[in-house]
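Here is a short briefing on a protein model. Look at the structure first, then work through the points below.

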Amino acid sequence: MNNSISDNQWPSPRIALKDDSFIYLVLYVDDMLIAAKKKYDIQKVKGLLSAEFEMKDLGASRKILGMDIIRNRERRKLFLSQRSYIQKVLARFGMSSSKPIDTPMLGYGYSDSDYAGDVDKRRSMIGYVFTLGGSVVSWKATLQPTVTLSTTEAEYMALTEAAKEGIWLKGL
């Protein structure tokens, strides 16, 4: 006799409410966050869960996984901050009196080359891509103008082109 539940019997974990909004439930070990557009929806979920499980309502969350939760109720926005974690790390390494500096808004940059990929002229293809927030903001793929003598030289030339672009992007 098989008492297991087949996959098609499980309810969907993503069900839209009548107004096409969602309730977000984040669970980590024994900590839970519930977020929704309407407080009523949050209260309803809490009621359903507390009918099934022993729960303690600690009120509006101020922290999760060591991150501070900052609310802007007027703009209906939530922000996560790791300021207190960073301050603890700085204190641990004796850098509490360090001065903060601005960092570029650039996300990540990648570069690569294929040594002598053009078999006729022996030139290498170089390329780079820069991303911000997971989206590509700048990219280039082209043959190098000169012949390189090694894979290392081809990579350095690709890195040089990427560095020039990164410096230009940083100045925007």
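This is a predicted model: local features need pLDDT of at least 70, side-chain atom pairs count only at pLDDT 80 or more; totals for chains, interfaces and linings use all residues.

The backbone nitrogen of Arg 83 lies 3.1 Å from a polar atom in the side chain of Ser 81. Residues are numbered from 1 along each chain as its sequence is written, and side-chain values use heavy atoms, with hydrogens and water left out.

**Around Ser 81**
- Ser 81 sits in strand S5, residues 77–81. Helices (H or I, at least four residues) and strands (E, at least two) are DSSP runs, numbered from the N terminus.
- Ser 81 is buried, at 17% relative accessible area. Buried means under 20%, exposed over 50%, and partly exposed in between (1.4 Å probe, protein chains only).
- Ser 81 is in contact with Met 67, Asp 68 and Ile 70, leaving aside neighbours within four places in sequence. Contact means heavy atoms within 4.5 Å.

**Salt bridges**
- The structure holds 4 salt bridges. Each is a side-chain nitrogen of Lys or Arg within 4 Å of a carboxyl oxygen of Asp or Glu.
- One of them joins Asp 68 to Lys 63, with the closest N and O atoms 3.1 Å apart. Lys 63 is partly exposed, at 46%.
- Another pairs Lys 140 with Glu 161 at 3.9 Å, N to O. This pair links distant parts of the chain: Lys 140 is in strand S8 (residues 135–143) and Glu 161 is in helix H3 (residues 151–170), 21 residues apart.
- Glu 161 also meets Lys 164 in a salt bridge, at 3.0 Å, N to O. These two are 3 residues apart in helix H3, so about one helical turn separates them.
- Shared partners join Lys 140, Glu 161 and Lys 164 into one network of salt bridges.
- Lys 140 is partly exposed at 32%, Glu 161 at 24% and Lys 164 at 48%.

**A nonpolar patch**
- Leu 25, Leu 27, Met 32, Phe 53 and Met 55 make a nonpolar surface patch of about 480 Å². Patch residues have over 30% relative accessible area and no salt bridge; nonpolar side chains (Val, Leu, Ile, Met, Phe, Trp, Tyr) are joined within 5 Å, and like charges within 9 Å.
- Met 55 lies in the loop between helix H1 (39–52) and strand S3 (63–64). Met 55 is partly exposed, at 36%.

Note on methods: A polar contact is a pair of N or O atoms within 3.5 Å; within protein, one must be able to donate a hydrogen and the other to accept it, and residues adjacent in sequence count only if both atoms are side-chain atoms. Accessible areas come from the Shrake-Rupley method with a 1.4 Å probe; for residues, only the protein chains shown count as cover.
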